[in-house]
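Keep the viewer open and try each task before reading on.

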Amino acid sequence: MLVAGHICLDLHPTLAELPVLDPGHLVEVGPLELAPGGCVANTGGDLVALGVPVSVAADVGEDILGRILADLLRERGLDAAGLSRRPSTTSYSVVVQAPGVDRIFWHHVGANCDFDGQDLRFGSERVLHVGYPSLLPALVARDGAPFRDLLARARADGLATSVDFAVVDAPTPASRTRWSAILATCVPFMDVLTPSIDDLDSMTGLSGEAGDPLAAAGRLVRGGAAIALVTAGPRGVALATADADRFALAGEVVASLGADWHSRALRVSPVAVASPVTTTGAGDAATAGFLAALLDRCTPEAAVQRAVETAAAKIAGSALAPLPAVSPAGPPAGPPAGLASPPG
């Protein structure tokens, strides 16, 4: 699998409580952890932990942070040969997370500004996963023309295309109009979409009535995606899929899925975590679990369950490991109990 797009170095200071930033005051913090972050490192690293070989494509700066980031990727088992060194600065995030408090990111986009996907060449990969286009301004320039071109080239080479979004900070009516236009032209080239409900709301303001993830997933399928998996935190995960004609247009990994994947809609509750450690990377972990399940040709139910279990393991701070193979099910005799038709 080729995982491309946004990458950064995450700096995690250990905090006993959320600091108050008073000018001139010293704030005592604990040890600092360095970790590769962004979709390329998070989803890519989780896929490797789940037993999927991954190569990466991303831009880093010609600075010490870029060298550190490349080393950390290799330590995770990722093929970092596809990192491009740019005469820029490497992206980094300071992740501010105190116990019991949701995280805050101080983010520097850095060399991600240069990534437009035009240099990507495909080899033996079966899936291209692109992460966080909202943090890749060159990729979505000109109403997403470079993004659409990248996805179309991958599809022409037989790869299934997968995309995950990120929250657009401080969304405005203008930015939402722009993202609606980008999605209208690019979503038909996305075989798999795995955004959060918050990603969609910030991008378009059309995440579904009362933030309903199933309504949001259905909207993405009607917009042209073959498979849409929408995560919604405590509200669980929703899956919607297109009909057989749309699956036939997808890359081989998706096109070859059984008929039990066609025209489906289902919800799965989140897995309860007794002692949460962090929410950082939980959405990326859900994506990794889901993509690994697609490669294993799991049923839709098993694939969504893998997504929520992988996210729960990340939140609990548990190590990820390959899951037992699941034999693909044949075409169902009838609609499984408890499942609805795609939202209209």
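**Exercise 1.** In this predicted model, is glycine 289 buried or exposed?

*Solution.* Start with the relative accessibility of glycine 289, which is 2%. Buried means under 20%, so glycine 289 counts as buried. Then look for its partners beyond four places in sequence: glycine 289 is in contact with Leu50, Arg306, Ala307 and Thr310.

**Exercise 2.** Which parts of the chain does the pair of aspartate 296 and arginine 306 tie together?

*Solution.* First find the link: a salt bridge joins the two side chains, at 2.8 Å from N to O. Aspartate 296 sits in the loop between H9 and helix H10 (300-316), and arginine 306 is in helix H10, so the pair ties together parts 10 residues apart in sequence. Now compare the accessibilities: aspartate 296 is partly exposed at 34%, whereas arginine 306 is buried at 7%.

**Exercise 3.** By about how much of a helix are arginine 74 and aspartate 71 separated?

*Solution.* Begin with the salt bridge between their side chains, 3.2 Å from N to O. Both residues lie in helix H2 (residues 64-75) and are three residues apart, so about one helical turn separates them. As for accessibility, arginine 74 is partly exposed at 48%, and aspartate 71 is partly exposed at 45%.

Key:
Residues numbered from 1 in each chain as written. Predicted model: local features only at pLDDT ≥ 70, side-chain atom pairs only at ≥ 80, totals over all residues. Heavy atoms only, no water. Buried < 20%, exposed > 50% of the residue type's maximum accessible area, 1.4 Å probe, protein only. Contact = heavy atoms within 4.5 Å. Salt bridge = Lys/Arg side-chain N within 4 Å of Asp/Glu carboxyl O. Helix = DSSP H or I, 4+ residues; strand = E, 2+ residues; numbered from the N terminus.
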